[in-house]
Amino acid sequence: WPWSLHILRGMGHARNDLDIFSGSAAVSACEKSAKWLQALRLFTSLGHKRSIPTLVTFSAAASACEKGTQWSWALESLAVMNDARLVPDATTCSSIIGACTNSLQREHAMDL
């Protein structure tokens, strides 16, 4: 994950636009390294750069929410997905439910 963030910073200094594929890869690398906070910060920054997140990006962010027990952010990401007309897959839904369950927010998990 550190290498992914280093490359992204380099892209910014070189004035290259951060595309969604590079951003998604970095979010996924952070998530897989249990760096959920970095993953969510990066995911949020993608929206500020007007990159439109894909299902893969949302799935990695949802998994980071599950690992970090960030239930409210997980539910918010589901709403953003709906606004973007993206249909969450089973993996994304499972991560969102896991985030709610791990945070002792079982009533929200049951609503899904």
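## Aromatic pairs

There are 2 aromatic pairs in this structure, counting rings of Phe, Tyr and Trp (its six-membered ring) whose centres lie within 6.5 Å; planes under 30 degrees apart are stacked, over 60 edge-to-face and the rest tilted. Helices here are DSSP runs of H or I with at least four residues, numbered from the N terminus.

F43 also pairs edge-to-face with W73, at 5.2 Å centre to centre and 80° between the planes. This pair links F43 in helix α3 to W73 in helix α5 (residues 71–83), 30 residues apart. Together, F43, F58 and W73 make up one aromatic cluster.

## Burial of the rings

F43 and F58 are both buried, meaning under 20% relative accessible area, while exposed means over 50% and partly exposed in between (1.4 Å probe, protein chains only). F43 has a value of 8%, whereas W73 is partly exposed at 22%.

## A look at S103

S103 sits in the loop between α6 (90–102) and α7 (106–111), and is buried at 16% relative accessibility. Leaving out residues up to four places away in sequence, S103 touches T69, Q70 and W71, where contact means heavy atoms within 4.5 Å.

## About the model

This is a predicted model: local features need pLDDT of at least 70, side-chain atom pairs count only at pLDDT 80 or more, and totals for chains, interfaces and linings use all residues. Residues are numbered from 1 along each chain as its sequence is written, and side-chain values use heavy atoms, leaving out hydrogens and water.

Conventions: Helix = DSSP H or I, 4+ residues; strand = E, 2+ residues; numbered from the N terminus.
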